[in-house]
Amino acid sequence: MLLLRIASTHVRNRLRQTIVSTLGVALGVGFSVAMASLMEGSQRDFMTTLIEAIPHVEILDEKRNPAEQPATALYDAVAFHGLRPLEDLRGIRNPTEAIASLREWIDGDFAQRLSGQSVLRYSGQDIGMTLVGVVPGRELKVSKIREDMRAGSFEALDATANGLVIGRKAAERLGAELGDTVTLTSANGIAKRFKIVGLFHTGITTSDEGLAYAPLKAVQILLEKPDIINSISVRLADINDATRIAARAERQLGYKAVSWEEANEGLMEAFVVRNAIMYTVVGAILVVAGFGIFNIVSTIVHEKARDIAILKSLGFPETDIQQIFVLEGLVIGVLGAIAGCGLGFGLSSYLATVKFEVTTDIEMTRLPIHFSYVHYVLACLLALFSSGIAGLIPARKAAKLNPVDIIRGAT
Amino acid sequence: MIAAQPQTGTDTSPLLQTRKLTRILPAVVPVTLVQDVDFSVGTSEFVAITGPSGSGKSSLLYLLGLLDRPTSGEVLIEGCGTADLSSAEMASMRLAKIGFVFQFHFLLPEFTALENIMIPMQKLGRLSAHAQLEHATGLLVDLGLEDFLHRRPAQLSGGQRQRVAVARALANSPDLILADEPTGSLDSAATEQVFESLQAIVETQKTTVVAVTHDMDLAGRMQRRVHLVDGRIDYDRVQS
């Protein structure tokens, strides 16, 4: 307590320098907190958008490893040459049975899909489309397409056997409107007429220009794949369970099941790298603030050489002298950290209110800010560590000062 | 260098004793500050260390006060050797047993007279906070500074500052006070006040005072005078 009082007195008596150094730390902590809030906010915002846009688990009509040929299973010690793999119609058969078996142990919603390439023709213009056959009621439970609808409705696919929902941009390119009839032609050359019953806008150009939804039965007919689907989308009650559920579903059905984490593995790694960069920058800011503290504590040590001699002559050991000057660094660090937390909160709150346009559709959006005590604790700990080190270096010098040299110099 | 072994103090041991005390400053041409000084000081003595400039008076005082380490020889306090003490142990001994008064007051400028006196008490922690305040106030009152308890050093005169320094030296009721030219920067009236304060300490508190001084009049009024020339004791005599 006595050492802290001496340290506080030293710091208080150099008010201007103390304020400048404290401001340095406060700015460091404040900007670190604001930056961390913004970075995590954007990450969470992105993740939420991503998780809502994609299935949590997607079971595809592929095998993780090539299927064994029957001859290989029977004669595994023999090498075969010139055998052609068995031609098989690709797809998940008996989807109703497969979904029922999954529903027994998975808490979530399921939707089956059949996707394929087709060409959409209207008034002499052609656009390549990925046509997705869906059961509308189920699809709406696993995707957010309802929120992206701009005209008509997705549910209309249920009522219209040859209904079609396409992106608004695709419709604009073709000059088609809601209620118009267009022609879809499959890769096998089969053509079928569909009526546009809905237009959507996701903001993702590839989807808005190249994705179309139609009832599953109609797509199965067009693609000549009766009672076959090529994916099952699962929306889980607990997204954190996705990896385990995907692995079990894959074992159970034999088809490749991909969790949202696996599907976005590269993105997750990018976030880790991004966070590492952020904390490096935050650390660098606080190191710079630490130099300010180093400067003031060094100045105090220089100016207070005589006091150091006095304290030593009174019987204060070197460790006490060192502690006094480390405490001086920490006092500035603590003051700066407190002020910085206030500044960080203020900055984050302000940034959360900033609005700006991001698309030509005049969508107003706000900066995504995530408020978390972890940012404050981390920034404060870094600031205190930086302050402690900044105080320690001159403090060690102070502790080593020979009081006799100082007393002789003074006399 | 002969390292003397610490000894166990006895009732008959002098308060302060030196054995072949030598201090040489290492340099291209080493400078001998103190050489082969042997002397002892008992309790309740008022000793003057005199000598011309550069004779090693202050250097001897710093060695006696454990602020500096001898090149050879040893200082014994109450019969206990100090050669093998760590710097922390030496600091602890200074805190409990020795008080310093320097030529310049050397008070901490940001603290009041009372706080300056209480700092060593707080460090030692022997007394309760209330007792510390009472003792510090008593010391200042005894030295005639009752009206200046809450003044900072800059608000005091030279003589007053030096008396506060004397009070601070007495804060932990040490057995020994070492004073380095305590009146060197004072006018004659203030000199007299400080001298009388030191004399009163010896007489009333049975504390030993060893003071370095250039002032031959003052030295003549002390009980004993140790005169140094070129770092060696020229003479050591008791004065009437």
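Modeller: Helices are DSSP runs of H or I with at least four residues, and strands are runs of E with at least two. On that basis chain B has seven helices and 10 strands. The model is a predicted one.

Biologist: What are the counts for chain A?

Modeller: Chain A holds 17 helices and 14 strands.

Biologist: What makes the radius of gyration of chain B agree with that of a compact globule?

Modeller: The rule is 2.2 Å times the number of residues to the power 0.38. For 240 residues a compact globule would come near 18 Å, and chain B has 18 Å, so the two agree. Along the principal axes, the C-alpha atoms of chain B fill a box of roughly 50 × 40 × 35 Å.

Biologist: How does chain A stand against the value for a compact globule of 411 residues?

Modeller: That globule would have a radius of gyration near 22 Å, but chain A has 34 Å. The box for the C-alpha atoms of chain A is roughly 105 × 65 × 40 Å along the principal axes. The domain assignment divides chain A into domain 1 (2-51 + 267-410) and domain 2 (60-66 + 89-259). Between the C-alpha centres of these domains of chain A lie 53 Å.

Biologist: At what angle do the axes of H14 and H15 of chain A cross?

Modeller: Helix H14 (residues 305-314) of chain A and helix H15 (residues 318-353) of chain A have axes that cross at roughly 140° and come within 10 Å. H14(A) and H15(A) cross in a right-handed sense.

Biologist: How do the residues of the contact of H14(A) with H15(A) divide by class?

Modeller: A:Ile308, A:Leu311 and A:Lys312 of H14(A) meet A:Glu318, A:Ile321, A:Ile324 and A:Phe325 of H15(A). The contact of H14(A) with H15(A) has five nonpolar, no polar and two charged residues.

Notes:
Residues are numbered from 1 along each chain as its sequence is written. Chains are lettered from A and ligands numbered from 1 in the order in which they are written. This is a predicted model: local features need pLDDT of at least 70, side-chain atom pairs count only at pLDDT 80 or more; totals for chains, interfaces and linings use all residues. Side-chain values use heavy atoms; hydrogens and water are left out. Domain bounds come from an automatic or database domain assignment. Axes are lines fitted to C-alpha atoms, for helices over the stretch in contact, and angles run from 0 to 180 degrees between N-to-C directions. A crossing is left-handed if the near helix is turned anticlockwise from the far one by less than a right angle, and right-handed if clockwise. Contact means heavy atoms within 4.5 Å. Ala, Val, Leu, Ile, Met, Phe, Trp, Tyr, Cys and Pro count as nonpolar, Asp, Glu, Lys and Arg as charged, and the others, Gly among them, as polar.
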